[in-house]
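Here are a few exercises to work through with the model open beside you. Try each task before reading its solution.

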Amino acid sequence: MAGSEPVSFMQQMVSLEYKLRASPVAVDFARRLCAGTITGHACPECGLVYTPPSGFCSICVVPTNTREHEVEIADRGTVTAFTIVNPIQYRGQKEREVYAVASILLDGASGTIGQQRLGDVDLDRVRMGMRVEAVWLPEEKRKDSAAMGAGLASAIHHWRPVDEPDTPLEEFAEHII
Amino acid sequence: MAERCAVIGIGQTHHTRRRDDVSLAGLVREAAVRALEDAELGWKDIEAVVIGTAPDLFEGVMMPELYLAEALGAVGKPITRVHTAGSVGGSTAVVATQLVQSGVHERVLTVAFEKQSEGDTSWGLSGGRSGGVGAGGYFAPHIKAYIERSGAPEHVGWKVAVKDRQNALRNPYAHLKLDKIDIDSVKGSEMLWAPIRRLESCPTSDGACAMVLANEAGGRRAPRAPAWVHGKAIRSENGFFPGRDPVNPVAGQDCAADVYRQAGITDPRRELDMIECYVPFSWYEPMWMENLGIAEKNRGWELTDSGATAFEGDIPVNCSGGVLSTNPIGASGMLRFAEAALQVRGQAGERQVDGARRALGHAYGGAAQYFAMWVVGSERP
């Protein structure tokens with residue numbers, strides 16, 4: 001406003017440290033993942049299979065937190081949607097090269113896992129319906145941090161194409177993301 | 001509904017990349033003063049204040065409603081803060097409307113804002129230290145799925161990008177003024193998150209928007225034509241569950257159905273004179289036209305392609321230039337609501353749609369899971 005004093009600004013970096021106590025379901029998922037197995041929970045009412053599991057079905061609102069609900073999920077599936085990211089170099093950006101991330105519908109799961117890194121693939125060849133499999137980190141490099149929000153990336157380095165025919169769009173049209 | 005609600009004052013800042021001449025408090029006050037001037041009211045006439053903004057970390061001010069109470073004349077009055085991610089500007093207006101409709105207050109000031117330059121929103125939206133792909137990277141696969149599913153030609157996204165920027169040239173408050181933009185420049189701009197190009201993306205802006213809402217008596221006494229609220233609604237859904245369709249979310253469909261029902265609208269394409277819709281990436285125009293029931297499933301792109309959503313079209317969308325031209329995140333939703341109200345008041349200046357009597361304001365947020373909408377009209381419902 002006219003006549004008022006100029007506004008001065010100061011720079012202050014904010015750092016937030018926190019500890020998360022993960023739920024038993026998340027801890028269990030992380031342990032199995034580090035041992036090389038992706039697990040999910042099947043809802044006893046609607047039969048939908050959740051991975052990573054949250055311990056309940058968010059549609060039926062029933063618990064799925066005991067061993068009897070646990071099912072093994074394949075480490076291979078179908079790319080249902082994707083983007084090729086050309087990383088903007090804002091402060092703190094760690095990515096330098098163009099890369100692809102995808103939503104993947106794993107065989108045996110009812111919902112996709114999102115933001116999964118694709119690798120060993122020509123970026124022009126990435127497509128919806130493409131079949132992919134997990135490239136696991138060496139066992140000693142797997143971090144027991146899936147429970148802390150790092151998800152599948154704590155044990156799986158990336159996903160690469162496999163030589164299988166594409167899944168037709170109509171088979172996953174309702175499970176794109 | 002016990003009371004009718006009228007929008008009797010509207011104010012906004014001139015949105016821009018950085019407002020170094022004002023603090024956060026100065027920014028919100030600027031919009032609020034303009035809204036009060038439009039309503040010809042003073043601070044003492046306001047009974048309560050409802051404010052909205054996106055996550056606190058965007059500016060680094062925790063619980064900004066406490067710090068901003070003085071600047072908004074709210075000391076000793078009820079002040080409420082609303083937070084529903086990107087849709088917050090819309091939900092904030094809905095909460096303020098409810099305070100009037102319920103008869104709790106006669107006159108309410110509602111304000112939404114973002115001063116993106118003060119924080120580090122690119123970093124914040126990209127997941128901070130844990131990495132991440134940002135809002136563009138998150139929504140790009142949804143857009144990709146829409147294009148695949150609908151068979152829309154790729155130039156539809158470019159057309160929206162050009163149309164909204166040309167509309168912004170008629171709006172003195174808009175941030176981006178890209179007077180030379182055309183299809184070739186959009187198509188030639190850098191691909192950031194395929195299929196989203198740089199010129200198909202929203203900017204980062206500093207700005208605020210404010211409205212004064214009043215009950216029926218206040219609406220009748222208003223010095224300028226008010227906009228009457230014919231319907232308002234909020235809906236949300238879980239962001240992740242098997243079978244969720246983020247391209248055409250059920251929460252958005254339900255929200256639209258609710259506001260149309262309240263407003264007595266059965267054919268929104270014909271009965272609405274214009275729409276201000278939350279389109280941060282160009283492809284969201286055709287996607288939301290389907291979600292809002294303006295176009296049939298997989299055919300929203302034909303609406304854009306035919307020019308129906310252009311300023312001169314039969315259902316103009318984002319005559320203000322929209323989020324693609326101005327994006328102070330927390331305020332972006334309220335700007336949609338306010339621009340819809342300006343249109344039915346006949347106060348939209350050069351961006352005025354001739355004879356607009358009924359308009360829809362729309363906002364969305366989160367993982368395309370939070371929705372807020374209102375229908376406003378020139379006639380008292």
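**Exercise 1.** Find how strand S1 and strand S7 of chain B are joined, and in which sense they run.

*Solution.* Start with S1, residues 6–12 of chain B, and S7, residues 206–214 of chain B: six bridges join them, and they run antiparallel. (Strands are DSSP runs of E with at least two residues, helices runs of H or I with at least four, both numbered from the N terminus.) Next, pick one bridge: B:Val7 has B:Leu213 as its partner in S7(B).

The model is predicted: local features need pLDDT of at least 70, side-chain atom pairs count only at pLDDT 80 or more, and totals for chains, interfaces and linings use all residues. Residues are numbered from 1 along each chain as its sequence is written, with chains lettered from A and ligands numbered from 1 in the order in which they are written.

**Exercise 2.** Work out the strand order of the open sheet of nine strands in chain B and name its edge strands.

*Solution.* First, trace the order, S3-S2-S4-S7-S1-S8-S11-S10-S9, with mixed pairing; two strands pair if DSSP finds at least two bridges between them. Then look at the ends: S3 (79–82) and S9 (274–276) of chain B each pair on one side only.

**Exercise 3.** Determine how many residues of chain B are in contact with chain A, and which element gives the most.

*Solution.* Count contacts (C-beta atoms, placed from the backbone, within 7 Å): 31 residues of chain B meet 28 residues of chain A. Now sort by element: H5(B) gives the most, with seven residues.

Notes. Contact = placed C-beta atoms within 7 Å.
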